[in-house]
Structure formats: structure tokens, C-alpha cells
Amino acid sequence: MSQLGHVSALSLTRQTSVINVRSPHSAWKCGLCFGSGQMTSLSFGGGDSMGDKLKVQVANSVVMRSRAEDAGPLKVACVDYPRPELENAVNYLEAAYLSSTFRTSPHPNKPLEVVIAGAGLAGLSTAKYLADAGHKPIVLEARDVLGGKVAAWKDDDGDWYETGLHVFFGAYPNMQNLFGELGINDRLQWKEHSMIFAMPNKPGEFSRFDFPEVLPAPLNGIWAILKNNDMLTWPEKVRFAIGLLPAILGGQSYVEAQDGITVKDWMRKQGIPDRVTDEVFFAMSKALNFINPDELSMQCILIALNRFLQEKHGSKMAFLDGNPPERLCMPIVEHIESRGGRVHLNSRIQKIELNDDGSVENFLLNNGTVIRGDAYVFATPVDILKLLLPEDWKEMPYFRKLEQLVGVPVINVHIWFDRKLRNTYDHLLFSRSPLLSVYADMSVTCKEYYSPNQSMLELVFAPAEEWISQSDEEIIDATMKELAKLFPDEIAADQSKAKLLKYHIVKTPRSVYKTVPGTEPSRPLQRSPVQGFYLAGDYTKQKYLASMEGAVLSGKLCAQAIVQDSELLLARIEKRVPEASTA
């Protein structure tokens with residue numbers, strides 16, 4: 001996948017203070033502090049009421065202060081919310097059991113050497129669980145950075161910029177188990193159990209869906225929807241609830257059957273007003289797959305709703321406390337290497353070379369190195385696999401179906417400002433903008449990116465198909481115009497208010513597979529018809545679609561298939577050795 005990181009610096013001289021504040025209860029709360037020493041806090045008008053607009057409360061009154069009125073620099077202190085109790089959820093227990101099977105199964109007398117192309121989450125997950133089962137994974141990553149779609153880079157100022165804006169849901173059981181297995185649960189910064197949407201018709205204001213902790217699922221989700229009166233009217237809520245009944249009553253079989261219809265068409269078919277789609281599912285579609293509801297398969301939305309409504313903490317979000325390559329991927333690599341596996345960067349595959357029987361003989365790298373193993377895994381994006389697919393395989397139905405799977409373009413934007421923006425929050429925010437999907441002030445939400453005096457907004461620019469070939473300057477200009485609507489008192493497109501210090505644009509021409517109607521039957525199982533060749537990646541068959549959770553689960557399923565086939569693979573190797581000697 002071609003992922004380009006560009007920097008255009010208006011001013012590269014700035015000071016950043018990185019402060020890690022930990023309370024005895026692992027808390028990281030956010031507040032505003034002006035130079036006078038007076039502490040203020042981000043709060044919500046109406047106290048405990050639901051669906052109220054975001055306001056900044058200062059000394060018991062709502063005040064919007066200009067920078068000129070500040071007695072000194074604006075500072076921020078943050079405290080996390082406690083990790084939710086996920087361990088008793090059915091999906092978490094299922095994921096934990098699958099993990100345990102690798103550790104507890106009899107280890108082989110002769111471990112398999114498994115060559116894995118790609119050090120994203122799918123490839124690293126495959127390697128991790130193969131290593132747990134006693135095998136020897138060899139991971140080959142084309143680039144000089146770990147992570148694939150969660151890769152990140154450090155600029156000359158020491159600031160990080162990422163491939164995408166990533167949040168970790170409570171409904172990610174395999175990902176949550178992975179954090180626990182690696183002993184890094186404390187690296188997730190859990191946020192308040194809410195979903196916060198910008199109000200395009202009321203620039204600068206937000207609307208919330210708050211999930212009360214005292215209620216179980218699905219009552220907490222139903223309460224959150226019913227108490228929000230900013231986005232949907234009561235008649236719209238009733239018609240939406242009635243429209244969802246078939247999905248609730250029909251279960252998983254009904255959900256899977258909705259792959260052939262778009263979100264927009266399904267809503268109309270169920271008699272749900274278009275305004276529900278525009279108000280809620282426009283933002284949700286772009287957050288899930290970077291495309292609009294007139295393109296996205298309804299199956300994708302129903303799977304997400306099912307997880308969020310059936311699990312009490314399913315929709316609760318956490319941010320990683322720093323850059324993904326170091327804070328998430330390196331612990332996986334260390335785990336793999338501690339068990340005899342290897343991970344190599346700058347190892348780009350040029351060709352999959354075959355034996356006479358059509359099985360894999362070796363991977364040929366760009367530098368001429370030949371890598372051989374007992375089994376082979378391709379854990380790259382599907383578009384990379386299609387480019388390297390051997391001609392002899394292309395007519396196999398298993399591989400031919402991959403032509404229906406195409407990565408969707410997406411752009412990640414990072415902007416550093418000369419001041420702390422006040423109209424933001426320690427959370428993921430749904431912009432509901434035609435150009436932007438979700439965004440966050442990473443100087444508040446993430447410890448490593450924390451700054452007391454300057455905001456860094458990370459934004460997902462989507463849909464990006466018409467913008468991926470545009471210049472960085474054009475993308476930034478369009479982004480600033482949208483931000484002027486989200487921050488009308490603080491940001492102007494001409495920078496007459498907050499000044500842009502620098503920015504980074506990361507373009508991914510082919511990201512997660514585009515989940516349009518009819519793609520589900522094209523998703524392959526991890527075990528291919530070519531003996532000894534396997535696939536991993538969020539596009540492969542697993543129940544979490546195109547997501548980090550889907551990537552991790554696909555790796556576990558790929559590792560499971562290899563472990564199940566290990567005796568067959570060893571027998572095949574033993575058979576080939578005498579044949580090679582005779583030849």
C-alpha cells in the first residue's frame with residue numbers, strides 16, 4: 001500500500017511540554033487552567049441531563065473568553081476514566097478461549113517456520129499466536145515502520161503523525177485480550193461513555209449520546225438515544241425503532257442477509273425518515289468505512305449496532321496513550337522474538353515463486369534475497385496481494401473473487417495550532433461535515449501528544465476519492481474551511497484567528513476494503529486452496545469487518561488454521577526432502 005507522509009511547515013519552531021500525570025486511580029481528567037491559577041473544567045450544561053450542548057463552565061457561569069482576556073497561557077490537565085469491566089462479556093470470553101488454545105495445545109517437536117508478509121496488526125497477530133503455539137514466525141515488512149494501517153512517523157520536531165485516527169472500542173474483544181496478554185492494559189486511555197456529534201446547523205455546538213453506567217445493555221443504549229433531543233425528534237425515534245425491529249428479532253442471519261443493500265436504501269425500505277440517515281448515519285458510515293450511506297452496505301451498520309447495543313461497554317472508547325508502532329506494535333514484536341520468532345523491516349516482496357505443483361517455493365525480495373519456510377502467509381492489504389498474485393492462481397475461484405474487494409482511499413490530517421482550542425473535548429468527535437469524518441484534539445486525548453498550550457487536531461478526511469490526488473495545500477485549505485464551522489469563535493479559514501503552525505497529510509490510496517453491497521461473498525477464508533498458503537487481513541472472513549479488531553481476529557484465525565494443518569504441513573515437508581535428494 002502506498003502511504004505517503006508529507007509535511008508542509010509554516011513554522012517549525014515551537015515548544016511542546018510533555019507532561020504525564022497519573023493519579024492513584026489511573027485517572028487522566030481534562031480541565032482548563034488560565035494564567036491566574038484558576039482551574040476551570042470542561043463540563044456539560046445541565047449537569048447530569050442527557051443530550052445537552054457542550055459548554056465551558058468557569059466559576060459557575062458559562063463564559064467564552066478571548067485570548068486577549070487570558071491572564072496567561074492556557075493549560076490542560078487530564079484524567080482517564082477507569083477501564084470498564086469487559087471480562088464477563090460473552091465475546092470477550094470467546095476471544096480469551098481462542099487465545100488460550102494456542103498456549104495450552106501440545107507444542108510440536110519440530111516447529112514450523114512460517115513466513116508472514118506484512119507487519120500490520122493482522123501479520124503481527126498471526127505471528128504472535130503462532131509463537132504462542134510453539135512455531136517460528138518470520139515476519140517481513142516492506143517499509144521501515146511497524147503497524148501497516150496503524151503506522152506512524154516522527155517529524156524533525158519530535159511530533160508524531162499517524163496513518164489514521166484510531167480508537168479502541170469495548171466491543172473489540174480480541175484486541176482487548178491482546179492488550180491483556182501483553183500486559184499493556186494501562187496503555188489505553190478510556191474516555192467517558194458517550195458519543196459526541198457536532199451540530200452543523202448550530203456552528204460550534206455539539207450534541208451527546210450518554211450511556212448511563214447504571215443500566216445494562218441494551219437499555220443503556222436505548223436510554224442514550226431517547227434522551228438526545230437535539231438530533232432526532234420523538235416521531236423519528238419511534239419510526240427508527242420500529243424499522244430496527246427486524247434486525248433485533250432476526251438476529252445474525254438477518255444481519256448477514258443485508259449485505260446486498262445500502263444504508264440509505266435500507267432505511268427507506270424500513271420507512272425510516274431520510275433525516276435519520278442524514279443526522280446519525282451519515283457520520284457513522286464515514287467513521288466505519290470512510291464512505292457515505294448511499295454506498296455503504298447496511299450489514300456493516302447492523303454489525304456495529306449489534307455490538308454497541310448488546311454489550312454494555314461495547315461503544316465505550318479508548319485512545320492509545322502514544323504512537324501505535326512503539327506503544328502497541330513493539331510489545332507484540334518483543335513477545336514474538338522472545339519465543340524465537342523474527343520480524344524484519346525493509347523486506348519488500350517482489351515475487352511469490354512457485355513449485356511445479358503450484359505451491360509456494362519461496363518469497364523473493366526486492367534485494368534478491370530468497371526467503372523459504374514451511375508455510376506462507378500474506379497479511380498485506382488485499383490490493384497488494386492482487387498485485388503479487390501468481391498468474392497460475394488467478395483463475396482459481398478463491399482468488400478470482402478478490403477482484404471484488406478494493407481498498408477505499410482515505411486521508412489523515414494533522415494540524416498544530418498556536419493556541420489551545422477551547423471548543424473541543426477529551427474524546428472522539430463526529431464532525432458531520434461533508435468532507436471530514438471524525439476528529440480529536442490529540443493534545444488532550446493522548447498522553448504522549450499532550451501539550452499545555454497548543455492544540456493538535458487529528459482529522460479523518462473522507463470520503464477522499466476525489467481528493468486523494470489533490471495537493472496538500474488544497475486539502476489543508478478545504479479542511480480549514482470546515483474547521484471554521486466547527487470552531488467559529490476560534491478558527492478562520494484565513495488564519496485571522498488561531499494560527500496554523502504546521503501540518504502533516506498522510507494519504508492512503510487503498511486503505512480498508514470498501515464495504516459496498518455484495519462484497520461479503522468475496523471475502524476469503526484464511527486457509528487458501530493452495531496447500532501451505534494462508535491469508536490474514538481485515539478483508540478476510542471474520543465477523544468484525546474492516547477494523548483493527550477484524551485484523552487481529554483474522555490473524556488469530558489464520559494462526560489457528562496453520563496449527564490445525566501443522567501435521568499435514570510437516571508430512572508434506574518430509575515428503576519433499578527425499579524427492580529433492582533424488583533429484
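**Exercise 1.** How many aromatic pairs does a search of the whole structure find?

*Solution.* The structure is a predicted model, in which local features need pLDDT of at least 70, side-chain atom pairs count only at pLDDT 80 or more, and totals for chains, interfaces and linings use all residues. Residues are numbered from 1 along each chain as its sequence is written, and side-chain values use heavy atoms, without hydrogens and water. Rings of Phe, Tyr and Trp (its six-membered ring) pair if their centres lie within 6.5 Å; planes under 30 degrees apart are stacked, over 60 edge-to-face, and the rest tilted. The search finds 17 aromatic pairs.

**Exercise 2.** Classify the ring pair of Phe-197 and Phe-209.

*Solution.* Step 1: the ring centres of Phe-197 and Phe-209 are 5.6 Å apart. Step 2: their planes stand at 75 degrees, so the pair is edge-to-face. Step 3: Phe-197 belongs to strand β13 (residues 194–198) and Phe-209 to strand β14 (residues 206–210), strands being DSSP runs of E with at least two residues. Step 4: both Phe-197 and Phe-209 are buried (under 20% relative accessible area, with exposed over 50% and partly exposed in between; 1.4 Å probe, protein chains only).

**Exercise 3.** Classify the ring pair of Tyr-439 and Phe-487, and state where each residue lies.

*Solution.* Step 1: with centres 6.2 Å apart and planes at 65 degrees, the pair of Tyr-439 and Phe-487 is edge-to-face. Step 2: Tyr-439 is in strand β23 (residues 436–441), while Phe-487 is in the loop between α13 (472–486) and β25 (500–508). Step 3: Tyr-439 has 0% relative accessibility and counts as buried; Phe-487 is buried, also at 0%.

Definitions and conventions: Helix = DSSP H or I, 4+ residues; strand = E, 2+ residues; numbered from the N terminus.
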